[in-house]
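Please look at the sequence and the structure first.

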Amino acid sequence: MKYNMLFSPMKIGNVEIKNRVVMAPMLMGFGQFNGNATDKMIDYYEERAKGGTGLIITEITRVNDLTGASSFGQLAASKDRNIASMSKLADRIHKHGAKIFVELHHPGRQNVNLMINTVPISVICDNIMPKNSYSKLLYGCIVPIGKKLVEKDLFFRTSGPSKCDKSKFSESANKGLSVSQIKKIIDQFGDAALRVKKAGCDGVEIHASHGYLVQQFLSPATNKRTDEYGGSLENRMRFLLEIIDNVRKKCGKDFPIIVRLTVDEMYEKVGQKGKGYNLSEGIEMAKILDKKGIDAIDVSSAGYDTFNYWLEPTTFECGWRKHLAEEVKKAVHIPVIAANLIRSPEQAEQQLEDGIQDFISLGRPHIADPHWCNKVFENREDEIKRCICCLYCFESMMEGAYVGDHGHCSVNPFVGRESEKLKENGNGRKVVIIGAGAAGLTAAELLAKRKFDVTVIEKEKSYGGQLNLADKPPHKEKIHWCADDLYANVKKAGVKLIFGVTANKDIISSYNPEIVINATGGSAVYPNAFKGENVVTVTQILNGNVKPENQKICVIGSGMTGLEASEMLCETGNKVSVVEMADRIAPGAWFQQLDDVLPKLKKHNTEFFTSAKLTKIEKNSIVVENTKTKKQKEIACDLVVLSLGVKSDNSLYEEIKGSFDKVYNIGDSSKVGRIYNATESAYRIVKSID
């Protein structure tokens, strides 16, 4: 076998895991107010067990309903009522030879104030009100009002070891816990672990990472206490060690405990050297936990204040933090689990062989492809849909939490639809798809699996569409994995691909299709008013048709495309100014993407102009008008790059929509969006076809 270590068994405590592949804990929002596992949640986890994964570790699972609920759609082990559904979840996981550990969690100050004391009320209201009426009231009225109160610190405060700065992410006002409250939470961790054991699960993982309550006690940045729970490392570790003791007391020594531990808070990475703790103290924590007798350590890093150093954007190099696990492995005698941004079986096997870790933890890769493990085991690696680290899973989960939705995936439209199966009733009926971008290729793959006869016509000489531009800024190569993986799968499914042909009605007719799907994408917005010899679109920069060097360049528009193109321009010696009409840079962009790109631009001394409307383009300058003061300003530049968004290219669709029996328009050619929108629109059309 090619990956001998990856598919060798190993024990955590007395529980044997059939291989070294672990599904990392990730909240996706499939639960309900009372914390019970829904059928959708069980289907989601079971699909990953069915896909060959050795160990499933659940999402953050609350132990406390009043101050410890992180989401209305979160799993819970806080009440005996949660045991039955968790038992059903465990049975479904065990059916496929996998094991299940439950991650016990309390958010502490990291919580959103809106969640404090609201879950018990939600459970009661949901039980007594007509079906779905409370959900509509909550997401339509209560949440919007509550968010406004939270912004003004007029809601309940979150709890932490001591009052401290607001978390960068949640920005919640907080307060310190009393000793009696600490003792109560310790008890709640133990009680929750006992419920997990009664449910038939195989063990627990205590979440002492990512800036949540247990790690808040560990860190001098958030733990300002002067009693037995603060100050020295021994005192800061006391809360975690007493939780372990409580779990052991209630569940017995044979019930395995994993601790997920941040071993380096990474504050130095964000320019705050000396804050929190670094790897040297993290190693000492690991040694103490090893001596305490836990069964494995799940090595992680950072917290929400240093977000990108535990949930990385696409620009981060695979394996960049493997040194953390390697140092822990040298210091302890128990199995080491670690994620380490692993994206290939070769990387996984190598890190096992090198003794960096004992188990490979795959988080987002399990969202992107639940059958990752089986595909590797069966030598079908070319069929894997790789995670491209676009962060949409987390972004959509967070946004969905306020409207009753769950997280989604850019490359896997089946997330949350695991029980839905494609009908195989194509019976060789002919389909022509115009465009081999994300939307077109997704539709092609799914229709081929439905047994349609599919032909894709692409005007360019290769596949990818807009992805061929999105992958061009520095360190964005992973984005093209989406296109590569779709292409590999459509070829294997028997789809015919024709490149270098611009489709028209006659060409399409020659295939005698029953169904035509237009996926012609979009093109950069280029207003006639701004056309000139010294003006180009961002597309011309990204595709390499225009390669300026050592020039003064004004980029008009600060969306992520504009910012990433600006970074690309900076790296070829250009002096860049970014002009944005809104009051702030990249309005609407996910904060992690900004945290990633803005420091790089600032290192290149990029200038930013906000509330600035472009009014005139001269030969060696532009004129902008402040949208508030109406004052005008001239900015010197040799070249103007317009990054004003994308418009749909639907001209072919308009031409052919009345010429064939069934004609559909998907992806950017229907409505401009992101990769997720393209794959989702393809999925919906494919499902709708009889």
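The lining of the second largest pocket divides into nine nonpolar, two polar and ten charged residues. Here Ala, Val, Leu, Ile, Met, Phe, Trp, Tyr, Cys and Pro count as nonpolar, Asp, Glu, Lys and Arg as charged, and the others, Gly among them, as polar. The model is predicted: local features need pLDDT of at least 70 and side-chain atom pairs count only at pLDDT 80 or more, while totals for chains, interfaces and linings use all residues. Residues are numbered from 1 along each chain as its sequence is written, and side-chain values use heavy atoms, with hydrogens and water left out.

**Second largest pocket**
- Its volume is about 860 Å³, and of its 21 lining residues K168, F169, S170, E171 and Y402 are the closest to the centre.
- α4 (133-151), α13 and α20 (591-603) each supply at least two residues of this lining; helices (H or I, at least four residues) and strands (E, at least two) are DSSP runs, numbered from the N terminus.
- On a 1 Å grid over the protein atoms alone, a pocket is an open set of points with protein on both sides within 12 Å along at least five of seven lines, a cavity is a set where a 1.4 Å probe fits but cannot get out, and lining residues have an atom within 4 Å of a point.
- Grid points are joined across faces, edges and corners, and a volume is the space filled by probe spheres set on the points.

**Cavities**
- The largest cavity is lined by 43 residues, with L27, Y212, Y304, W310 and F394 nearest its centre.
- Its lining has 27 nonpolar, nine polar and seven charged residues.
- α13 gives the largest share of this lining, four residues.

**Helices α14 and α22**
- Helix α14 (residues 438-449) packs on helix α22 (residues 675-688) at an angle of about 35°, with the axes 8 Å apart.
- Axes are lines fitted to C-alpha atoms, for helices over the stretch in contact, and angles run from 0 to 180 degrees between N-to-C directions.
- In the contact (heavy atoms within 4.5 Å), A438, A439, T442, A443, L446 and L447 of α14 meet A678, T679, A682, Y683 and V686 of α22.
- This contact has nine nonpolar, two polar and no charged residues.

**Helices α5 and α7**
- The axes of α5 (residues 179-198) and α7 (residues 233-251) come within 8 Å and cross at roughly 40°.
- The contact of α5 with α7 has ten nonpolar, two polar and six charged residues.
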